[in-house]
Amino acid sequence: MSALTPQSDMPTPSTDKITQAAMETIYLCKFRVSMDGEWLCLRELDDISLTPDPEPTHEDPNYLMANERMNLMNMAKLSIKGLIESALNLGRTLDSDYAPLQQFFVVMEHCLKHGLKGKKTFLGQNKSFWGPLELVEKLVPEASEITASVKDLPGLKTPVGRGRAWLRLALMQKKLSEYMKALINRKDLLGEFYEANALMMEEEGAIIAGLLVGLNVIDANFCMKGEDLDSQVGVIDFSMYLKDGSISKCSEGDGQITAILDQKNYVEELNRQLSATVNNLQAKVDAFEKSNTKLTEELAVANNRIITLQEEMERVKEESSYILESNRKGNKQDRTADGQSLSEVRKHLKEETQLRLDVEKELEVQIGMRQEMELAMKMLEKDVCEKQDALVALRQQVDDLRTLKHDLALKLQSSDIAGKQKSDLNSRLEEKTNQMAATIKQLEQSEKDLVKQAKTLNSTASKLIQKHY
């Protein structure tokens, strides 16, 4: 009887602890989130016991808050890293339906809610991170536009919705890191909203603000007029980060293959365009050569005509000199007749000189055109040589890309074999998980039976004590 009396003082609602721990999220219960490269590791700190053992050191509130801060910081690192890598691989502007971006906002919401003081209202305590975000416009004047835009949105009715809209607009503005740093540096103002050991008041908050600088490389566009930000449930999806490294490598290999194929198509299209330009240039060169030969022939004809005109000029000069001498010797009648013939000769000489000047002008024009054609030919030859060198380099690149494609195809085959092995291993793990779930159900049923037995023992013990007295 004396052995049974201490059990009446033992607190039986140990199941309440189990229920409460199951309802909390992973980073708020007795687990620690850690990073191992691209992996997310969950480590259990201690087990919940049914015996009234003394409280362990892990139940210290400061220790639990430090564990929560560490878990949130590691989750923020994983979320930001995954968002940047996926956005760069995607290569386009992100929208509100992008899953890694949604998880990033959920993680940021949990970070801002950590250690937040609750305001007492008629309905109970209300914890909202909109109050600290409103302080940013006092610290950074540029943030006043975001705050005014959030307040003007018609569909937002709760402070939580305004805070979510503020985070999205700050990310679109690419100044989320700047605003968070300015807010964390003023811990005297944050003390009104957060506990002393909250994430925003400790070193982890400054680390997360530094990690947010990397998000400036991505572009995001949100349409928040028709989006319901008030009633969204912020639950972290750990399955996005509990992934196998070989699958990520396969996806990276597929991305590399697609990138190489795109480069190959681009090079082939560029090669076709260059060949078309080379053909056009070759046709122009042929046309210039034909026109050059025609001009040389015309130039030779013009030179021959100039020579004949010079000979005629000399002959006309000799005739004119002979006529003048004969006119001096002849009589006046002869002079009048010779004067008429002399005027005709002078007229003919004037016409011949005018014709000679016209021929010389035409010759100068032909010489200038010939010089321009020679200069254009030299430039075309130089351009053709450069295009041929570029074609040789592009063909070499195409050969290198083909070899790289062949190597990647071999690697892809090997990665497919490894993926099949991993899928078999995953099926075995699922079978073991189902078996463990069945055993857990049996243990829960046995636990309920033990609790019932303990209650019956307590009732019988109390009856025996009453009979004894």
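**Close-up views of the predicted model**

**View 1. Phe104 and Phe105 are both buried.** Buried stands for a relative accessible area under 20%, exposed for over 50%, and partly exposed for values in between, computed with a 1.4 Å probe on protein chains only. The model is predicted, so local features need pLDDT of at least 70 and side-chain atom pairs count only at pLDDT 80 or more, while totals for chains, interfaces and linings use all residues. Residue numbers start from 1 along each chain as its sequence is written, and side-chain values use heavy atoms, with hydrogens and water left out. The structure contains 3 aromatic pairs. One of these joins Phe104 to Phe105 in a tilted arrangement, with 5.5 Å centre to centre and 55° between the planes. Rings of Phe, Tyr and Trp (its six-membered ring) pair if their centres lie within 6.5 Å; planes under 30 degrees apart are stacked, over 60 edge-to-face, and the rest tilted. Ring pairs connect Phe104, Phe105 and Phe222 into a cluster. Arg168 sits over the face of Phe105, 4.3 Å from the ring centre; a charge counts as over a ring if NZ of Lys or CZ of Arg is within 6 Å of the ring centre and within 35 degrees of the ring normal.

**View 2. The structure holds 3 aromatic pairs, among them a tilted one between Trp166 and Tyr179.** Their rings are 5.8 Å centre to centre, with 45° between the planes. This pair links distant parts of the chain: Trp166 belongs to helix 8 and Tyr179 to helix 9, 13 residues apart. Helices (H or I, at least four residues) and strands (E, at least two) are DSSP runs numbered from the N terminus. Trp166 is buried because its relative accessible area is 0%. Tyr179 is also buried, with a relative accessible area of 0%.

**View 3. Helix 7 spans residues 144-152 and has Ile146, Thr147 and Val150 as buried residues.** These three cover an arc of only 95° around the axis, so they lie on the same side of helix 7. The arc is taken over the directions from the helix axis to the C-beta atoms. Glu145 and Asp152, on the other side of helix 7, are exposed. Cover for the buried residues of helix 7 includes helix 5 (130-134), helix 6 (136-139), helix 8 (159-172) and helix 9 (176-184), where contact means heavy atoms within 4.5 Å.

**View 4. Gln103 is located in helix 4 (residues 99-113).** Its relative accessibility is 10%, so Gln103 counts as buried. Gln103 and Phe238 are separated by 135 residues in sequence and by 9.4 Å in space, C-alpha to C-alpha.

**View 5. Asn292 is part of helix 12 (residues 245-329).** Asn292 counts as partly exposed because its relative accessibility is 23%. Between Asn292 and Met377 there are 10.0 Å in space, C-alpha to C-alpha, and the two are 85 residues apart in sequence.

**View 6. Cys111 and Cys223 are shown with their accessibility.** Cys111 has 2% relative accessibility and therefore counts as buried. Cys223, at 59%, counts as exposed. A search of the whole structure returns 0 disulfides, defined as pairs of cysteine sulfur atoms within 2.5 Å.

**Context for the views. The protein has 13 helices and 4 strands.** Of its 469 residues, 29% are buried. Among contacts in the protein with a separation of 6 or more, 74% are between residues 24 or more positions apart.
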